[in-house]
Amino acid sequence: MSYEEVVDAVIKMGLEKYRADQLLDWIYKKRVFAFEGMTNLSREHRALFREKFVLRLPKLLEKKVSKIDKTTKFLYELEDGNTIESVLLFHEGYATACISTQVGCPLRCSFCATGQSGFVRNLTVGEIVGQVLAIENDSKRNIRNVVYMGMGEPFLNYDNVVKSLRILVHPKMKNVGVRRITVSTVGIPEKIVKFADEGLEVRLAISLHAASNEKRDVLVPLNRKYSIEEILQAAKVYQEKTNRRVTIEYILIKEFNDFDEDARRLARALKDLKAFVNLIPVNPTNGEFEKPSQWKMNRFKEILLENGIEAELRQEKGADIEAACGQLRLKNLRAKS
Ligand code: SAH
């Protein structure tokens with residue numbers, strides 16, 4: 001529920017508005033997920049809340065911790081038995097939650113494990129926000145950063161994603177800073193433009209992965225509908241309206257999109273956009289793609305820098321625990337079948 005919905009419900013129960021704030025404080029700040037534990041509320045109020053509200057977190061099925069970098073992958077079960085993945089990543093001094101927006105994904109990007117298992121359904125607002133709360137509960141860590149980079153395409157579940165963002169940034173709820181949230185999209189131009197008008201101003205990341213439509217068609221089937229040019233045009237609108245630098249994600253695949261000419265072409269495509277390029281070594285999920293050598297990846301980055309495009313080679317995390325998008329769930333599904 002949004003802040004306004006909780007306040008409305010509490011007032012309808014005949015209680016003062018500040019009871020809503022107390023309730024939300026228990027859930028979002030003190031991580032108490034049972035009404036019984038909310039000790040500054042009277043027995044009667046707790047009983048009333050128990051009767052009118054449902055308070056439930058995704059159920060932890062499996063947890064894997066990387067020996068290399070402590071990256072932790074959670075497999076959660078939803079009420080209807082479906083499973084989703086969430087990841088906790090550690091950077092210097094802070095923890096980031098990577099959350100899912102759909103069960104499976106309909107986009108079927110060729111390198112991505114999530115698409116291989118097909119699409120089941122959109123997540124509810126509660127299931128999206130619930131992942132952040134569940135990760136905190138299961139790791140006893142404070143989460144100050146959230147990336148919508150788990151399973152699914154956020155902009156195909158647009159309304160629930162936007163509502164979940166309003167809950168995460170609300171000062172009386174999770175209170176995550178807008179600059180500490182990133183929404184990653186495959187690139188759906190009309191949704192990017194709409195998102196620019198939500199007044200949220202979170203960071204936007206676009207999964208470009210190629211600088212020519214010919215190559216992007218191979219990786220991202222949706223590219224046949226929305227070309228690179230249309231996506232970058234929409235990204236420019238987002239960048240100008242929100243005054244935020246847009247992140248461009250680019251998976252590096254050996255001898256496919258890692259040539260010098262790809263880097264130069266990418267730099268040309270991003271000339272008019274205030275962008276930051278995140279280069280990600282592909283995590284092989286089906287044996288088809290391999291990551292380039294370290295030398296080659298550095299060279300790609302250098303070409304971007306020489307052409308005036310800011311870029312970073314992202315550190316691979318959790319390589320020993322199948323932490324790439326959808327891998328753990330896929331393994332779990334295969335084990336069952
Ligand atoms: N649908 C959204 C968000 C989910 S994917 C999107 O497309 O952005 C989150 C990021 O993980 C995307 O950039 C995606 O391309 C990347 N990703 C998926 N599978 C990967 C793999 N095998 N190796 C490296 N990155 C991968």
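1. A salt bridge here is a side-chain nitrogen of Lys or Arg within 4 Å of a carboxyl oxygen of Asp or Glu. R31, E136 and K174 are linked in a network of such salt bridges, and by this rule the count comes to 22.

2. The model is predicted: local features need pLDDT of at least 70, side-chain atom pairs count only at pLDDT 80 or more, and totals for chains, interfaces and linings use all residues. Residues are numbered from 1 along each chain as its sequence is written, and side-chain values use heavy atoms, with hydrogens and water left out.

3. D21 and K172 form a salt bridge with the closest N and O atoms 3.2 Å apart. D21 sits in helix α2 (residues 18–29) and K172 in the loop between α6 (158–169) and β8 (181–185), 151 residues apart. Helices (H or I, at least four residues) and strands (E, at least two) are DSSP runs, numbered from the N terminus. D21 is buried at 18% relative accessible area, while K172 is partly exposed at 36%. Buried means under 20%, exposed over 50%, partly exposed in between (1.4 Å probe, protein chains only).

4. D80 and R121 also meet in a salt bridge, 2.8 Å from N to O. D80 is in the loop between β2 (72–77) and β3 (83–91) and R121 in strand β6 (residues 119–122), so the pair ties together parts 41 residues apart in sequence. D80 is partly exposed, at 45%.

5. For E198 and R166, the salt bridge is 2.7 Å, N to O. R166 is partly exposed, with 37% relative accessibility.
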